[in-house]
Amino acid sequence: MTDGGWAPDPEYAKYPDHDLHDVPLAVLEAARTYMRQVASLGDVAEDDAEPLADAVIAAAMPVVRQWLRSQYA
């Protein structure tokens, strides 16, 4: 893998104005896996697992980016 495993989700990468266009697919898949586990317990609907995971990552990314900038500026 030439991208080091940090390539964005191909679907979001098509939309440069989308909040998740540059978020690595590995990050999204980690959140999606967790939400699928939550869905298997019946805490959220199976159809809502992926959108919910993506929404959580979208909400967290501005704070994560700010923290990274403060650490590595």
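Predicted model: local features only at pLDDT ≥ 70, side-chain atom pairs only at ≥ 80, totals over all residues.
Residues are numbered from 1 along each chain as its sequence is written, and side-chain values use heavy atoms, with hydrogens and water left out.

**Overall dimensions and surface**

- The C-alpha trace of the protein chain spans about 40 × 25 × 25 Å along its principal axes.
- Of the 73 residues of the chain, 22% count as buried, a term that means under 20% relative accessible area, with exposed meaning over 50% and partly exposed in between (1.4 Å probe, protein chains only).
- The accessible surface of the chain comes to about 5300 Å², of which 59% belongs to carbon and sulfur atoms; such areas come from the Shrake-Rupley method with a 1.4 Å probe, and for residues only the protein chains shown count as cover.
- Among contacts (heavy atoms within 4.5 Å) between residues at least 6 apart in sequence, 23% join residues at least 24 apart.

**Charges**

- The structure holds 7 salt bridges, each being a side-chain nitrogen of Lys or Arg within 4 Å of a carboxyl oxygen of Asp or Glu.
- Asp9, Glu29, Arg32, Arg36, Glu50 and Asp54 are linked in a network of such bridges.
- Arg32 forms a salt bridge with Asp54, the closest N and O atoms being 2.9 Å apart; Arg32 lies in helix 2 and Asp54 in helix 3, so the pair ties together parts that are 22 residues apart in sequence.
- The side chains of Glu50 and Arg32 also meet in a salt bridge (3.8 Å, N to O), and this pair links distant parts of the chain, with Glu50 in helix 3 and Arg32 in helix 2, 18 residues apart.
- Glu50 is partly exposed, with a relative accessible area of 40%.

**Asp9 and its surroundings**

- Asp9 is found in the segment before helix 1 (10-13) and is buried, with a relative accessible area of 7%.
- The side chain of Asp9 makes a polar contact with the side chain of Arg32 (3.1 Å), where a polar contact is a pair of N or O atoms within 3.5 Å; within protein, one must be able to donate a hydrogen and the other to accept it, and residues adjacent in sequence count only if both atoms are side-chain atoms.
- Not counting residues up to four places away in sequence, Asp9 touches Val23, Leu25, Leu28 and Arg32.

**A bridge from loop to helix 3**

- The side chains of Asp22 and Arg65 meet in a salt bridge (2.6 Å, N to O); Asp22 lies in the loop between helix 1 and helix 2 (25-40) and Arg65 in helix 3 (residues 49-72), so the pair ties together parts that are 43 residues apart in sequence.
- Asp22 is partly exposed, with a relative accessible area of 39%, and Arg65 is partly exposed, with a value of 27%.

Methods:
Helix = DSSP H or I, 4+ residues; strand = E, 2+ residues; numbered from the N terminus.
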